[in-house]
Amino acid sequence: MTDLRQGASGAVLAASLAARPEVGGEGYWQIAWRRFKKHRVAIVGASVILLFMATAVFAPFLTRYEFDQIDLYRRKAVPSFSHPLGTDELGHDVFTRLLYAGRISLTVGFTAALTAAVLGTLVGGISGFYGRWLDNVLMRVTDVMFSIPALPVLIVLARYMGGSVLGIVLVLSVFAWMGTARLVRGDMLRLRTQDFADAARALGASDARILFRHLVPNALAPVLVAGTLTVGGAILSEAGLSFLGIGIQPPTPSWGNMLQNAQDFIWTTPWLAVWPGAMIFLTVLSFNFLGDGLRDALDPRLKV
Amino acid sequence: MGAYVARRFLLLPLVAFGVTVLIFALLQLVSPEQRAALFVTDVKQLAQLSNVIRKYGLDQPVYVQYGMWLQELAHGDLGWSQTARMPTSEAIAAFFPATLELTIYIFVPVVLIGVWLGTQAAVHKDRFVDHFSRLFAISLRGMPSFVWGLILLMVFYGWLNWFPPGRLSLEADLFTKSPQFHSYTHLLTVDALLNGQGWIFVDAIKHIAGPALTLVLVEMALLVRITRSSMLEVLRQDYVRTGRAKGLAEPVVINRHARRNALIPIITLSSLLFVGLLGGVVLAETIFNFPGIGKWGAEAAVQLDIPGVTGFAIFVAGLTVLGNLAADVLYAAIDPRIRLG
């Protein structure tokens, strides 16, 4: 079985490197890593994301305050040594809230993207593998979901299911899986007719085994790229919904609701809007860069 | 082309079914008592909510309720919107022209400047214009429209006081509501010119500029990139070289020969952009307090104005679906590979 799987990745390698000169001894992921390292902006993006993830995870060690700790004697304080980014209208330490908001935003982004990727891979995989009427039904469902305008439905959905992180994640996942499903389906149509799939079948492997052990792993590169871009998109959507007041509800901080809050004091304390705005901007930009880099590294012809 | 367009049209009822079921399903998350309260006009009726529930069929099986709801929808009966303080269908009619006007003032500059800049970037590849357009596209790509909108609001209203929020200043608003002013199109800038009131035109433009500028810059980035790559692809082709070899002037080659073929993806993208904008102006309208359909929809959602938010979603969704269909048909009509294939 192991031999077959090597054969499988070898086939893809040969296919993706057909036009390239001889590359000796390196595996698919090593080649991808080598290409990725050359993409400087993507490295910067990845570093920024890792930094933000680290600050979110270690938030309690980086600050002396609680995210819901108010100090009515120090409201809307300018940045100082004790409050590096100042305080908001209730005396919350803004730096602390930014860190904890990062937890929420990154969790929402990653969970929504992961859910969407799994759902999309499942739908696309089954659709492309079985073909016929099942493919037809699943792809029409995908078409319909693509045609449903996300924003108005998101607003309604978020209003009824929002407020909690889980609700927002569900809402965002529902509208994010279709692209992945189409990509995976296309790959399945190509992969299922290849020799290694036939070989696995001849050895008596079940449909599920062929699909998930042999075919899907070969189609993961575009899923990874689409997933990375989805993380950025989901963070942006969460921030937008929270900004409108229908996403994550205070006192739980999110960059979106911090920004909404800051909007009321934009004339007196504009810096309150600067921090969450900058965090959203940097995070979304970093994920876009990382996605671009991964795309170039994994498959230069791929356009997601 | 026939088969392609026919398939798109066949999808339409499915999409309509999908949208209505999704939104109807969401309504089911609200308890029958809460929904019954929407029909109550007299406080005394609140004591007999169960009667109201029975009268409006809110205790019927879900599929019966769905059928009844669809019937109401077909008659344009969307209920009373609390946030707009008028029937939802009237609220849509009242708020939509402002959004349409804003959309036009975003769409036209985006397409004109975007296509021009994209062409310049492709023709002068790896020169200053190209680098500038790339930098521009990259820096705006991750910029959330609401962050950008807030920055513009601070600069152009707070600091320079050029673009005030709202749709009209007080005097202009009073004048447009007076009998001397005829609303022909409900697009304020057009009506102002038709009435010969230059000052109202200027006033309306000043109010529209803030939200328009927010979205023009954000939306243009993508169009510039697409135009650039589409032009580059066409410029590489043999017939362009032939044109140059024949000694045609460069502007003729670029504008008449190359750009015409490069326009196919651009037209598709632009029509999708137009449709997307109609629903996508929610955040910009909210920030600049621009009384369009998006600001109303967001307000309705926040205040749990169920008829309002449902009507908003159905209307925008319907518009988007029809617009996307039009974009598909347009695409099929202009691309000979689909038209003849």
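**Figure 1. Confidence of the predicted model along chain A.** Within chain A, confidence is lowest in helix 1 (residues 2-16), at a mean of 43, and highest in helix 5 (residues 94-130), at 89; helices (H or I, at least four residues) and strands (E, at least two) are DSSP runs, numbered from the N terminus. Over residues 1-15 of chain A the pLDDT is below 50, and this stretch has 15 contacts in the model beyond near neighbours in sequence, a contact being heavy atoms within 4.5 Å. Where pLDDT is low, the predicted coordinates should not be read in detail.

**Figure 2. Chain B and its overall make-up.** The secondary structure of chain B comprises 16 helices and two strands, and its C-alpha trace spans about 85 × 55 × 40 Å along its principal axes. Of the 341 residues in chain B, 47% are buried, where buried means under 20% relative accessible area, exposed over 50%, and partly exposed in between (1.4 Å probe, protein chains only). Among contacts in chain B with a separation of 6 or more, 70% join residues 24 or more positions apart. The mean pLDDT of chain B is 82, with 96% of its residues reaching 70 or more; confidence in chain B is lowest in helix 16 (residues 336-339), at a mean of 68, and highest in helix 5, at 90. For the complex, the predictor gives an ipTM of 0.77 and a pTM of 0.80.

**Figure 3. Surroundings of Thr119(B).** Thr119(B) lies in helix 5 (residues 88-123) of chain B and is buried, with a relative accessible area of 2%. When neighbours within four places in sequence are left aside, Thr119(B) is in contact with Thr227(B), Met231(B), Ile254(B) and Arg259(B).

Figure 4. Helix 8 (residues 170-177) of chain B has Ala172(B), Phe175(B) and Thr176(B) as its buried residues. Seen down the axis of helix 8, these buried residues fall within an arc of 95°, so they line one face of the helix; the arc is that of the directions from the helix axis to the C-beta atoms. The buried residues of helix 8 pack against helix 9 (188-194) and helix 10 (198-235) of chain B, whereas the face turned away from the buried side carries the exposed residues Leu170(B), Leu174(B) and Lys177(B).

**Figure 5. Two loop asparagines of chain B with positive phi.** Asn161(B), found in the loop between helix 7 (145-159) and helix 8 of chain B, has a phi near 55°, a positive value in a residue other than glycine. Asn161(B) is exposed, with a relative accessible area of 52%. Asn289(B) is found in the loop between helix 13 (282-287) and helix 14 (293-302) of chain B, and has a positive phi of about 50° although it is not a glycine. At 39% relative accessibility, Asn289(B) counts as partly exposed.

**Conventions.** Residues are numbered from 1 along each chain as its sequence is written, while chains are lettered from A and ligands numbered from 1 in the order in which they are written. Local features need pLDDT of at least 70, side-chain atom pairs count only at pLDDT 80 or more, and totals for chains, interfaces and linings use all residues, with side-chain values using heavy atoms and leaving out hydrogens and water.

Definitions and conventions:
pLDDT is the predictor's confidence in each residue, from 0 to 100.
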